[in-house]
Structures are given as C-alpha cells and as structure tokens.
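Visitor: I would like to learn how to read helix packing and a nonpolar core in a model. Could you take me through them slowly?

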Amino acid sequence: MTEHKTLPNNFEFYNIPVAFNPDLNSIKSAFYANSKKYHPDFYANEAEEKQQEVLELSTLNNKAYQVLNHQQRRLKYVLELLGIVETDEGYKLPQAFLMEMMDINEALMDLEFAPDAAKTNQLKEAVAEIAKGLDEELQHLTQTYDTSIAGKEHVLATIKDIYYRQKYVARIQEKLQA
C-alpha cells in the first residue's frame, strides 16, 4: 500500500504567508511556475506513481489559484485554515442585523404579491448600500489583520461576523435579481 502524502495548504504551496490580502502578482507568478513544473506531459515516461503525484500537484496548483485569486473564496479559505469558520457552522448573527434583514425580507415578500419597480429599485439600492458597507469594513479589518501584531483574535471574530453577514446579504441580493 502506498503512503499518502499530506498536500500543503495553498499558501505553503505558493510559498507565501497566509493573508487575507496576499500579493496577487506573487500568486500569479507561483501559479505559472507550478503549471510548468507540474505539467503532466513532462512526466509521461515516468512511473505511474510519479505521474499520479504530479497530477495531484497540478490539480492542487489549479485549485490553489482559483481560491487565492478570488477574494470571497480566499476569505472563506483563510477563515477555515485558521479554524475560525467551520463547514455547516450554526453561526448566530447579531439580533440588530437580523431585525434589519427581517424588514428587508418582508419588503421582498410584499413585492412578490404586489410588484412595484420603483420599490424594487429602492430595495436593491438599500441592500447594495449594506453590502458596500460590509465590504468596506471587511477590507479595513483584513488589512488590519494582515499588518498588525496584536489583537488578531478580536479582529478575526469581527471578520467572521462580517463573513456571515455578507453571505446573508448575498442571498437577499440573489432573490432581488430573480
């Protein structure tokens, strides 16, 4: 039976520090270098085991690039890597936020029964404003996390909260587009 090696995380694979806002040029450079290094065609005459290893590394390279080059995927990945967010976690959003979202959901239901283009646009604008505020706060916090030494746990807790708020707001935006 062959021993299965543990693959490095995406940041280790690209030899860059774990960060919410990594240098995107470094990611792209590492991706292209690894694409050449682990191209399966270069290993066609190698043993089956070596070909399989290269295929795994090539797949890791593609997945790492897809995650690290996309802001939302990277956010989720870093939060999971740091053990801050877990899959299917039952996170409790703050009551004030939920009340605000309940008002928006009620307005959405009203629009389903009585469509009104002007009210729909007002609601879209209000939700877009909430999303923009969350994005700006998240950008500030992730920059703070990446550059500061102290208080990282508090910053991570707030980033986690915003991550879940953004997911909620994104679902509302999807409903508004439908």
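Predicted model: local features only at pLDDT ≥ 70, side-chain atom pairs only at ≥ 80, totals over all residues.

Visitor: At what angle do α2 and α3 pack?

Guide: Two packed helices are described by the angle between their axes and the distance between the axes. Here α2 (residues 24-37) and α3 (residues 48-68) pack at about 165 degrees, with axes 10 Å apart; the two are therefore roughly antiparallel (over 145 degrees).

Visitor: Which residues of α2 and α3 meet?

Guide: With contact meaning heavy atoms within 4.5 Å, the α2 residues Leu 24, Ile 27, Lys 28, Ala 30, Phe 31, Asn 34 and Ser 35 meet Asn 61, Asn 62, Tyr 65 and Leu 68 of α3. The residues of this contact divide into six nonpolar, four polar and one charged.

Visitor: Which residues touch the most other members of the largest nonpolar core?

Guide: A nonpolar core is a set of buried Ala, Val, Leu, Ile, Met, Phe, Trp, Tyr and Cys residues joined through side-chain atoms within 4.5 Å, where buried means under 20% relative accessible area. Of the 46 residues in the largest one, Tyr 14 and Ile 159 touch the most other members, and α7 (152-177) gives the most to this core, with ten residues.

Note on methods: Residues numbered from 1 in each chain as written. Heavy atoms only, no water. Axes fitted to C-alpha atoms, helices over the stretch in contact; angles between N-to-C directions. Helix = DSSP H or I, 4+ residues; strand = E, 2+ residues; numbered from the N terminus. Parallel < 35°, antiparallel > 145°, perpendicular 65-115°, else oblique. Nonpolar A, V, L, I, M, F, W, Y, C, P; charged D, E, K, R; others polar. Buried < 20%, exposed > 50% of the residue type's maximum accessible area, 1.4 Å probe, protein only.
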